[in-house]
Every structure is written in C-alpha cells, then in structure tokens.
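Please keep the sequence and the structure in view while reading.

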Amino acid sequence: MQKRALVVGLGIAGMSAAIGLRQAGWTPVIVERAPERRTGGYFIFMFPEGVRAAADLGIADHLHTRNPEWRPGGNSWSVDRRGRRKPALGLLDAPSGLAAVLRSDIEAALWQGITGDGTQDAVEVRFATTPVEITEGAAGVRVLLENAGTGKQYREDFDLVVGADGMRSSVRRMVFGPDKDYLANWKAMICAFQLKEQVPTYEASDSIIVSRPKRAMWVFGLADHAPCAWLTYRTEDIPDRFAGPSIEQVRAAFSGMDDDPVVRHVLDSLDEAPDHVFDSIHQVRMPKWSTGRVVLVGDAAWCMNTYSAMGSSSSLRGGAALGVALREHPDDLAAALDAWETGLRPYITKQRRSARVKQQRFVPSSRPVQVVVSGSLELIRKIVHRRLAAEFTESSAAPSVTAR
C-alpha cells in the first residue's frame with residue numbers, strides 16, 4: 001500500500017512538499033485552517049534555487065513572472081530627505097536569474113500542480129481543518145483533526161506528518177515545544193500590500209525607495225500588475241505593536257516622513273487596500289527539523305524572515321528535496337529525513353546569516369550605516385547599470401530577422 005502523509009498548511013511550503021511526496025510515490029493529504037484557498041499576496045523574489053525547484057516540481061510552465069523590462073537609466077529610484085529622486089540599484093538588477101512574482105503567482109502554479117492536469121491524481125485538500133493532537137506510535141502517527149466549521153473531531157493514521165504551517169507553526173508547538181524556544185526576535189515590523197495605482201509622476205513599472213534610519217518604504221514595480229508596497233521599521237516594543245489597529249501603528253511609525261509625496265501616497269493607499277500583511281520579524285532556529293515521523297518544512301522549520309528574501313525559494317527547494325530523499329530511501333524514513341536535512345541545512349544556514357546584512361540595506365539601523373550602505377550601493381549601481389546599458393544597446397542594435 002502507498003504510504004500516506006499529512007501535510008499541514010496550504011502555502012508554498014505545504015504544496016511543494018505535497019508534490020514532492022507524490023513524486024516519491026506517497027499519498028499526501030493537505031489540511032488547511034482557512035475555509036478556502038487564499039489568492040492574495042505581496043511581491044516576492046524567486047532566486048535561481050527557487051526557479052530550479054519549481055522546474056523539479058513540474059510547475060515551471062504554470063508560473064507567471066512579472067519582471068519589468070530594464071530601460072536605460074534603470075527602473076529604480078531612491079528619494080532623499082528633500083524629495084529628490086536619483087537612480088538606485090534595483091533588487092532585480094543583480095544578481096541575474098531573479099524572478100519577480102507575487103506570492104499568489106507561486107501558489108497558483110503549485111495549486112495547478114496538486115490538483116493535477118489529467119496525467120496524475122489530484123492531492124486531497126481539506127479546508128477549515130486543523131490538527132489538535134499528534135501522537136506517534138511504533139508504526140505511524142495518529143492525528144486528531146478538527147473541522148472548524150462543524151467542530152467535529154476525528155482521528156486518522158498517517159506514516160508521516162509534515163508541518164508546513166508557517167513561522168508560528170502549531171505542529172511545531174505540539175511536537176517540538178513552545179514558540180519561545182525557537183523564535184528569535186529581530187525587533188522589527190513589516191507591512192505589505194498591493195497598491196491600487198502607481199505613485200504619481202513615476203512609470204508604472206518603477207520601483208521607489210524612501211529610506212531613513214530605522215524605517216523604510218519600498219514600492220516594487222511590476223511588468224503587468226499594479227506595484228506592491230513594502231514598509232518596515234525597527235522597534236523595541238514588539239508586543240505593543242499589536243495593541244491597536246495596524247494601520248494606525250504604521251502611520252505612527254512613519255510620522256514625520258508623510259510630507260514626502262511618495263510616503264503620503266503609500267500611506268493613503270494603505271487606508272484603501274482591501275487587505276494587508278502586518279507582522280513582527282523573527283527567525284526560526286532549530287537544532288533539528290524532524291523527530292520520528294514528524295518533519296517541519298519552510299518557515300515552520302527555518303524561517304529566515306523577509307529580509308533574507310529567500311523564504312519562497314527555500315520552501316520550494318525544501319519540498320522538492322524532501323521528495324528526492326524519500327525516493328532515494330524508500331524503505332527507511334529516518335535515513336530519508338536525515339539525508340534531506342544534511343543536504344539542505346548548509347544552504348539554509350548561509351541564507352539565514354546573510355539576512356542581517358540584507359536588513360541593513362532594507363532598513364539601516366543608524367545614519368552612519370545608511371551613509372555607508374548608500375555609498376556602497378551607488379558604486380555597485382554604476383558598475384551594474386553600465387553593463388546593463390551595454391547589453392541594452394547591443395540588443396537594440398542587433399539586426400532583426402524577418403521570416404519569409
């Protein structure tokens with residue numbers, strides 16, 4: 001009989017793991033606490049590792065990317081304290097191989113992957129369902145599941161439980177221990193949402209950076225979609241950040257910057273946005289991502305936080321690698337999970353460490369740091385834009401081929 005796995009969470013990590021499990025010959029079942037599939041989400045990057053993992057999972061053809069076409073002078077601008085704009089090093093300028101997507105683009109591609117295209121069975125998905133209790137035995141895992149709509153509880157047996165339920169994972173709490181044992185507080189907040197329209201006087205695909213010590217606002221321009229806004233700030237009082245309405249908290253954090261037209265437009269757009277993400281920034285640090293027949297993937301296991309920009313890529317890679325390990329060790333689950341973690345952990349550790357450096361780019365901790373970071377980025381920008389300009393000129397000058 002096929003081995004069965006319960007996957008908790010219908011996000012990028014959960015669907016990636018489910019596809020990887022199916023590729024390994026397992027029968028995955030996904031449970032999701034939400035009553036229906038979420039289709040929203042803000043702008044994210046897919047690094048080459050994520051793009052390759054998408055191909056390995058068989059969803060590359062379903063993935064819609066939104067990279068703006070680079071133009072001479074660049075697509076990104078920074079705005080100083082006097083409201084003057086100057087060319088900036090865009091996050092899509094370097095390194096090459098980055099794909100601009102919305103979170104919903106990746107999830108839509110994965111959804112097509114798990115629902116099937118007629119060549120393989122669809123993965124079973126149960127909405128409004130959460131695990132309440134996880135008990136491991138000698139031959140499997142018994143899980144008490146609850147339907148949020150009816151309140152009905154029932155027990156079911158699986159050969160493996162995959163916790164893919166995010167930074168504040170319920171599976172991790174039930175099996176590994178409380179959040180405080182694994183969450184490292186970075187004393188920062190983020191707010192992200194989709195703008196209805198671009199900031200006036202900027203091109204539709206422009207990206208804009210308004211950065212000050214300890215707070216910054218980014219607008220990410222896309223090729224065929226309204227831009228997304230990404231606001232972040234450092235704070236010492238994380239619990240108090242959730243004490244009142246999130247929009248009021250964000251406006252208070254950016255008080256004094258709202259005389260800038262870009263900042264004012266973004267904050268006014270936040271008031272009108274149908275939904276937004278508002279959360280504190282943490283990293284998840286665990287000495288081991290599995291125990292017995294329970295394994296964590298994605299943010300539940302190794303959340304590197306949003307400053308790393310590697311969350312989606314690492315979740316895709318983690319799910320694909322899990323499938324490979326299970327295929328290579330079909331009769332030894334412990335060996336498969338050990339091999340999976342041994343192969344993946346060096347990559348995760350490297351990216352986690354880089355997040356501190358990246359944080360200074362996204363939101364500098366002080367004025368001196370901001371000066372150093374800005375100067376360094378300007379030097380890199382000149383080199384990168386010179387290369388991109390040469391490539392643009394060369395491609396524009398190339399003779400076109402007319403079909404006969």
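## The mixed sheet

Strand S17 and strand S18 (residues 294-296) run antiparallel and are joined by 2 bridges. Within this pairing, threonine 291 has valine 294 in S18 as its bridge partner. The model under discussion is a predicted one.

The two strands belong to an open sheet of 6 strands, whose order is S7-S2-S1-S11-S18-S17 and whose pairing is mixed. At the edges of this sheet stand strand S7 (124-127) and strand S17 (290-291); each has a single partner strand, so one side of each is left without a neighbour in the sheet. As background, the strands of a sheet pair through backbone hydrogen bonds, and they may do so in a parallel or an antiparallel manner.

## The antiparallel sheet

An open sheet of 3 strands is also present, with the order S8-S9-S10 and antiparallel pairing. Which strands stand at its edges? They are strand S8 (129-136) and strand S10 (153-158); because each has a single partner strand, one side of each is left without a neighbour in the sheet. On average, and with direction ignored, neighbouring strands of this sheet are turned by 25° against each other.

How many bridges join S8 to S9? There are 7 bridges between S8 and strand S9 (residues 141-147), and the two strands run antiparallel. Proline 131 is placed opposite leucine 145 in S9. S9 and S10 form a hairpin in which 5 residues lie between the strands. In the turn of this hairpin, glycine 151 has a positive phi of about 80°.

## Helix packing around H1

Two packed helices are described by the angle between their axes and by the distance between those axes. Helix H1 (residues 12-23) packs with helix H3 (residues 103-115) at an angle of about 25°, and their axes are 10 Å apart. H1 and H3 are therefore roughly parallel to each other, since angles under 35 degrees count as roughly parallel. H1 passes H3 in a left-handed crossing.

H1 also has a crossing with helix H8 (residues 311-328): the axes of H1 and H8 come within 8 Å and cross at roughly 20°. This angle makes H1 roughly parallel to H8. The crossing of H1 and H8 is right-handed, whereas that of H1 and H3 is left-handed.

## The second largest pocket

The second largest pocket holds about 630 Å³ of space. Its lining consists of 25 residues, and those nearest the centre of the pocket are Ser78, Lys86, Ser211, Gln370 and Ser374. By kind, the lining residues comprise 10 nonpolar, 5 polar and 10 charged.

Which element gives the most to this lining? Helix H10 does, with 7 residues. At least two lining residues come from each of strand S4 (76-79), strand S5 (85-87), strand S13 (207-212), helix H9 (333-362) and helix H10 (367-397).

Key: Residues numbered from 1 in each chain as written. Predicted model: local features only at pLDDT ≥ 70, side-chain atom pairs only at ≥ 80, totals over all residues. Heavy atoms only, no water. 1 Å grid on protein atoms, 1.4 Å probe; cavity = no way out; pocket = protein on both sides within 12 Å on 5 of 7 lines; lining within 4 Å. Points joined across faces, edges and corners; volume = space filled by probe spheres on them. Helix = DSSP H or I, 4+ residues; strand = E, 2+ residues; numbered from the N terminus. Nonpolar A, V, L, I, M, F, W, Y, C, P; charged D, E, K, R; others polar. Pairing = 2+ DSSP bridges. Axes fitted to C-alpha atoms, helices over the stretch in contact; angles between N-to-C directions. Parallel < 35°, antiparallel > 145°, perpendicular 65-115°, else oblique. Left-handed = near helix turned anticlockwise from the far one by under 90°.
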